[in-house]
Amino acid sequence: MDQFAHDKIPNIQLDMARLPRHIAIIMDGNGRWAQAQGLQRAAGHVEGVTTVRRITEECSRLGIGYLTLYAFSTENWNRPQEEVDALMHLIVTAIERETPDLIKNRVRLRVIGDSSRMPREALERLERCVQDTSAGDGLTLVLAISYSSRWEITDAVRRIAAEAADGSLDPAAITPDTVSRNLATAFMPDPDLLIRTGGDMRVSNFLLWQIAYAELYITDIYWPDFNGYDLRRAIADYQKRQRRFGLTGEQIQ
Ligand code: IPE
Ligand code: IPE
Ligand code: MG
């Protein structure tokens with residue numbers, strides 16, 4: 001969507017007392033964005049980095065607590081090697097380039113995913129950025145890289161089973177909270193709002209446990225075109241909904 005079209009749309013009023021604490025985004029549509037203008041898919045990924053910066057800044061400005069971005073799934077390892085290499089390189093160099101600004105904006109960076117599949121050098125460079133931003137007390141920016149929910153849940157089950165096997169955990173004492181505490185996301189609340197760009201009505205192995213009661217918002221806009229206005233529109237939509245968590249509407253009132 002071009003910038004001009006957005007400029008004509010009036011500003012969106014948000015209830016600042018009812019912002020989502022945690023927004024998770026499936027950043028999809030880079031390839032189609034590029035193809036639509038006769039460019040290589042890689043050009044869409046490069047443009048997508050600009051959107052990451054824009055949306056991170058908007059979340060910081062609004063005072064959102066946690067922003068989780070799905071940057072690379074475990075399934076994405078099966079893409080053509082050339083695209084995998086380009087994506088890894090782009091992710092690592094972009095994060096390193098942005099780290100000084102993240103520190104300045106008090107953003108704390110975290111990474112979740114199956115690090116055993118990451119190239120060692122990329123992992124070390126990412127971990128350095130996580131370290132360098134660890135004092136941030138503003139937005140927590142969580143990048144899901146080499147992430148899938150089934151990997152994460154399997155990993156949690158393995159650790160819980162090991163504790164049960166060595167006798168330090170009674171199987172009868174396992175609760176949903178035990179599972180949550182063993183997931184890669186244990187340090188943050190579950191997402192309140194899940195956004196997917198690119199129009200597909202699926203969750204592609206992202207945060208399956210954590211989105212149990214998230215509000216879903218899917219837009220046809222491709223990730224490189226998604227901007228602060230679109231984010232505020234998603235939040236405004238979220239604020240119109242009644243979250244019932246299984247109760248009746250009357251109980252919520
Ligand atoms: C999302 O864009 C970025 C990643 C999955 C890494 P895609 O590359 O999936 O773009 P489309 O869905 O093919 O348009
Ligand atoms: C989801 O996008 C993964 C990321 C955004 C990193 P995909 O493009 O990989 O998802 P599918 O293949 O359309 O389900
Ligand atoms: Mg895609």
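# Two ligands in a predicted model

Author: This is a predicted model. By class, the residues in the shell around ligand 1 are three nonpolar, five polar and four charged.

Reader: Which residues surround ligand 1?

Author: Met 27, Asp 28, Gly 29, Asn 30, Gly 31 and Arg 32 are among them.

Reader: Which gives the most?

Author: H2 does, with three residues in the shell around ligand 1.

Reader: Which polar backbone atoms does an oxygen atom of ligand 1 lie 3.2 Å, 2.9 Å or 2.7 Å from?

Author: At 3.2 Å from an oxygen atom of ligand 1 there is a polar backbone atom of Asn 30. For a polar backbone atom of Gly 31 the distance to a ligand 1 oxygen is 2.9 Å, and for one of Arg 32 it is 2.7 Å.

Reader: How much of ligand 1 does the protein cover?

Author: On its own, ligand 1 has 380 Å² of accessible area, and the protein covers 87% of that.

Reader: Switching to ligand 2. Where does it sit?

Author: Ligand 2 sits in the largest pocket.

Reader: What surrounds ligand 2?

Author: Its surroundings include Ile 26, Met 27, Asp 28, Tyr 70, Ala 71, Phe 72 and Ser 73. Asn 76, Arg 79, Arg 196, Arg 202 and Ser 204 complete the list for ligand 2.

Reader: Which strand gives the most to that shell?

Author: Strand E2, residues 66-73, gives the most to the shell around ligand 2, with four residues.

Reader: And how do the residues of that shell divide?

Author: Around ligand 2 there are five nonpolar, three polar and four charged residues.

Reader: Which side chains have a polar atom 3.1 Å, 2.8 Å or 2.6 Å from an oxygen atom of ligand 2?

Author: Asp 28 has a polar side-chain atom 3.1 Å from an oxygen atom of ligand 2. In the side chain of Arg 202, an N or O atom is 2.8 Å from a ligand 2 oxygen. For a polar side-chain atom of Ser 204, the distance to an oxygen atom of ligand 2 is 2.6 Å.

Reader: How much of ligand 2 does the protein cover?

Author: The protein covers 79% of the 390 Å² of accessible area that ligand 2 has on its own.

Technical notes:
Residues are numbered from 1 along each chain as its sequence is written. Chains are lettered from A and ligands numbered from 1 in the order in which they are written. This is a predicted model: local features need pLDDT of at least 70, side-chain atom pairs count only at pLDDT 80 or more; totals for chains, interfaces and linings use all residues. Side-chain values use heavy atoms; hydrogens and water are left out. A residue is near a molecule or strand if one of its heavy atoms lies within 4 Å of it. A polar contact is a pair of N or O atoms within 3.5 Å; within protein, one must be able to donate a hydrogen and the other to accept it, and residues adjacent in sequence count only if both atoms are side-chain atoms. Accessible areas come from the Shrake-Rupley method with a 1.4 Å probe; for residues, only the protein chains shown count as cover. Helices (H or I, at least four residues) and strands (E, at least two) are DSSP runs, numbered from the N terminus. Ala, Val, Leu, Ile, Met, Phe, Trp, Tyr, Cys and Pro count as nonpolar, Asp, Glu, Lys and Arg as charged, and the others, Gly among them, as polar. On a 1 Å grid over the protein atoms alone, a cavity is a set of points where a 1.4 Å probe fits but cannot get out, and a pocket is an open set with protein on both sides within 12 Å along at least five of seven lines; lining residues have an atom within 4 Å of a point. A molecule sits in a cavity or pocket if more than half of its atoms lie within 2 Å of its grid points.
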